[in-house]
Structure formats: structure tokens, C-alpha cells
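I opened my notebook to look up a few things in a model today.

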Amino acid sequence: MKTLTLKPAILLMTGLLALGSAQAQNTVQQSPLTPEHFAALDRNKSGGVSKEEYEVFMRESFQKMDKNGDQRLTPAETSGVLTAEQFAAVDANKDGAITLDEFIEHVMRDFDRYDYDKDGQLKP
Ligand SMILES: [Ca+2]
Ligand SMILES: [Ca+2]
Ligand SMILES: [Ca+2]
């Protein structure tokens with residue numbers, strides 16, 4: 001089922017984007033990555049998620065959400081994944097659609113934020 005395979009990506013992104021939002025309530029202090037997310041991201045099972053692994057995962061997430069394959073995410077395609085505020089935050093040029101570049105730029109900023117020790121790897 002499509003919904004099941006997409007779920008980790010949705011949960012991860014919702015968590016990442018919520019944490020990236022200025023209005024987010026900081027009720028959750030732990031790492032946004034659950035063990036399941038982590039296992040999905042750490043493709044080579046090295047025990048850490050590299051930028052490359054993270055970017056590959058995010059590109060796949062983008063393709064899954066881009067239902068009509070036009071390389072742009074509309075509010076309809078991201079409904080249930082992104083709130084209107086989150087969509088606006090990722091849509092850097094405010095043209096009402098999220099391109100792959102806008103998406104990757106946004107999520108890679110999140111990567112840097114969670115890479116607390118700046119060694120280029122996210123750890124569980
Ligand atoms: Ca790895
Ligand atoms: Ca699209
Ligand atoms: Ca845009």
C-alpha cells in the first residue's frame with residue numbers, strides 16, 4: 001500500500017518542518033528521528049545518516065508527493081503532509097508551488113540544524 005511506504009517520510013518531514021517553524025511549540029525535545037526513520041535513512045548501515053543519504057531520502061519523498069510528476073508540489077499534493085504555514089515556509093519564492101530546489105534547500109538546512117556536533121552525520 002502506497003500510504004504505508006510513504007508514512008515514514010511524512011512523519012519525518014512533518015517533524016522536521018514543525019521544528020523548523022518559528023511558531024512551533026517546543027514540547028518535544030528529543031531527536032526528530034525515530035529508530036524506524038533512522039533505519040530507513042541509514043542506507044549503508046554505518047550507524048550515521050550522511051548528507052548524501054539524507055538528500056537521497058528527501059528527493060524520493062519529493063517524488064512520492066509529486067503525484068503528477070511536474071517537479072512541483074502544490075498545496076493539494078502536500079495536503080495532509082504540510083500545513084499552510086509549512087508550505088509557505090518551504091515555498092521560498094512564494095509562487096504557490098514547491099520546486100525540488102526549494103524543497104532540498106529547506107530540508108538540508110534542517111540537516112545542519114540537527115547535526116549538533118557538525119561532523120556531517122546524524123546519529124540516533
Ligand atoms: Ca550511513
Ligand atoms: Ca506536482
Ligand atoms: Ca516556489
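Entry 1: I started with Asp112, which counts as partly exposed because its relative accessibility is 31%. (For me, buried means under 20% relative accessible area, exposed means over 50%, and partly exposed is in between, with a 1.4 Å probe and protein chains only.) Some housekeeping: this is a predicted model, where local features need pLDDT of at least 70 and side-chain atom pairs count only at pLDDT 80 or more, while totals for chains, interfaces and linings use all residues. Residues are numbered from 1 along each chain as its sequence is written, chains are lettered from A and ligands numbered from 1 in the order in which they are written, and side-chain values use heavy atoms, with hydrogens and water left out.

What does the side chain of Asp112 meet in a salt bridge? I found Lys51 there, at 3.1 Å from N to O. (A salt bridge is a side-chain nitrogen of Lys or Arg within 4 Å of a carboxyl oxygen of Asp or Glu.) This pair links distant parts of the chain, since Asp112 sits in helix H5 (residues 100-114) and Lys51 in helix H3, 61 residues apart. (Helices, H or I with at least four residues, and strands, E with at least two, are DSSP runs numbered from the N terminus.) Lys51 is partly exposed too, at 34% relative accessibility.

**Entry 2: other salt bridges.** I noted that the structure holds eight salt bridges. One of them joins the side chains of Asp110 and Arg113 at 2.7 Å, N to O. They are three residues apart in helix H5, so about one helical turn separates them. Is Asp110 buried or exposed? Asp110 is buried, with a relative accessible area of 1%, whereas Arg113 is partly exposed at 40%. I also wrote down Asp117 and Lys123, whose closest N and O atoms are 3.6 Å apart in a salt bridge. Asp119 belongs with these two, as Asp117, Asp119 and Lys123 are linked in a network of salt bridges.

**Entry 3: helix H3.** I checked the length of H3, which has 15 residues (51-65). At 1.5 Å a residue it should span 21 Å, and its end C-alpha atoms are 21 Å apart, so the two agree. (The expected span is 1.5 Å times one less than the number of residues.) Buried residues in H3 include Tyr54, Phe57, Phe62 and Met65.

Entry 4: Asp42 is buried at 4%, and Glu53 is buried at 8%. (Four donors are tetrahedral if all angles lie between 85 and 135 degrees; four are square planar and six octahedral if opposite donors are over 155 degrees apart and all others between 65 and 115; anything else is irregular.)

**Entry 5: calcium ion, ligand 2.** Asp66, Asn68, Asp70, Arg72 and Glu77 give the protein donors here, lying 2.2 to 2.6 Å from the ion. Their spacing along the chain is D-x1-N-x1-D-x1-R-x4-E. This site is irregular as well, with angles of 52 to 159 degrees. Then I followed Asp66, in the loop between H3 and strand E2 (72-73). Asp66 is buried yet has no salt bridge, and the nearest side chain of opposite charge, Arg72, is 8.2 Å away. (Lys and Arg count as positive, Asp and Glu as negative; His and the chain ends are not counted.)

**Entry 6: Leu73.** Leu73 lies in strand E2 and is buried at 0% relative accessibility. How many residues separate Leu73 and Ile98 in sequence? I got 25, though their C-alpha atoms are 4.8 Å apart in space. Leaving aside neighbours within four places in sequence, Leu73 contacts Phe62, Asp66 and Ile98, among others. (Contact means heavy atoms within 4.5 Å.)

**Entry 7: calcium ion, ligand 3.** Asp91, Asn93, Asp95, Ala97 and Glu102 coordinate this ion at 2.2 to 2.4 Å. Glu102 is buried at 10%, while Asp95 is partly exposed at 37%.

Note on methods: Donors are N, O and S atoms within 2.8 Å of the metal (3.2 Å for Na, K and Ca); water is not among the atoms, so sites may look incomplete.
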